[in-house]
Amino acid sequence: MPTKVMNNKIINFLFYLILFSFGLWAGFYLLLLLIGNGISVSKQVNLSLNPFDLISLVVTIFLAVYVIKKLNKESEAERIEKDLLIEDLGNFKTEFGKEIIEILKQSSLKLIFVNSRLKTLRMRFHSTTNLIEKYKPLNDPSVVARLDTDIRDVRDLLTDNPEGAKGNLEISGGRISLEAERKSQIEAIPNKVSEGIFQIIVEINRK
Amino acid sequence: MADLNISVSKDFSTTPGPRYIKEGDFSAEEFRKTIFDAKFKEALSENKKLIIDLDGTLGYGTSFLEELFGGLTREYGQENVNKTLKIISKEEEYLLDDIRGYIRDANKGHEQ
């Protein structure tokens, strides 16, 4: 273990030990005040040591330190989980936005390429949301469903030409041509996805 | 009685394409005409299940899925499609919800 980490652990331990000891003595004198015995400082110092008191003190200190360390560890683990999920969501948001920009830059798109990229994105999204469901289930799971709809809408807008429908999307020779209207509909989606992801991140952070 | 099985990636293509044959290779229309509809009819007439595996491809466009499952429903009706077809999609489980929607919407066309 690196020396710096070990030093930090020792310092933390000593800090909590001193804090607890101080708390113990402060609590003792407060108790005396409460039961009205007053405080007097004797000229004589009684140095007798009750072994049972000593054992009790040692055990109490040990338990206090142990509980504090355990709580710290759990709190740290929870923070790490949150940070990983938030980072993953942030990365997805960035990747999704970039991918849409790249796709829309092209005047003619290969359908297979679009299918492949959208499959990867949507799978990635579901992989992250499954982890959220497992580790930090949301109070409002509908925000995930809405996000999935937005992501699916991109696939629909890029690859769906319903029977009988005409205009703003054509597929020929396995290539997609988009009209301006369809492009602007697609362009609006990354912002909606960003907002949805922001909502999820806020909720995860509050947990 | 043994169910029938069909895999899009192994029996047809790992790169499913557009809706219609005129739009490009490996279209849903081509898949239905060459392989799928015949198997579906066989399963339907013999009261078997047709298990279709969607895994192993590079991805599906909406038109392909809609033509495949929606088109099937427009022809045979939702009841026949639901009782005969079993869809496997382990890579993309969310496709099952999408497909249910296509079948539901297409059934309105069948009823008309």
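How much area is buried between chain B and chain A? I get about 1700 Å², with carbon and sulfur atoms giving 46% of it; buried area here is the accessible area (1.4 Å probe) that two parts lose on being put together, summed over both. B:Glu23, B:Thr62 and B:Tyr94 supply 33% of what chain B buries against chain A, more than any other three residues.

Ground rules: this is a predicted model, where local features need pLDDT of at least 70 and side-chain atom pairs count only at pLDDT 80 or more, while totals for chains, interfaces and linings use all residues. Residues are numbered from 1 along each chain as its sequence is written, chains are lettered from A in the order in which they are written, and side-chain values use heavy atoms, without hydrogens and water.

Next I listed the contact (heavy atoms within 4.5 Å): 23 residues come from chain B and 20 residues from chain A.

Then I looked for salt bridges (a side-chain nitrogen of Lys or Arg within 4 Å of a carboxyl oxygen of Asp or Glu). I count five between chain B and chain A; one I noted down joins A:Arg152 and B:Asp98 at 3.5 Å, N to O.

Last, the sheet in chain A. It is open, with three strands in the order S1-S3-S2 and antiparallel pairing; strands are DSSP runs (E, at least two residues), numbered from the N terminus, and two pair if DSSP finds at least two bridges between them. S1 (108-110) and S2 (169-172) of chain A are at the edges with a single partner strand each, so one side of each has no neighbour in the sheet. S2(A) and S3 (175-178) of chain A pair over four bridges, and A:Glu170 has A:Ser177 in S3(A) as its bridge partner.
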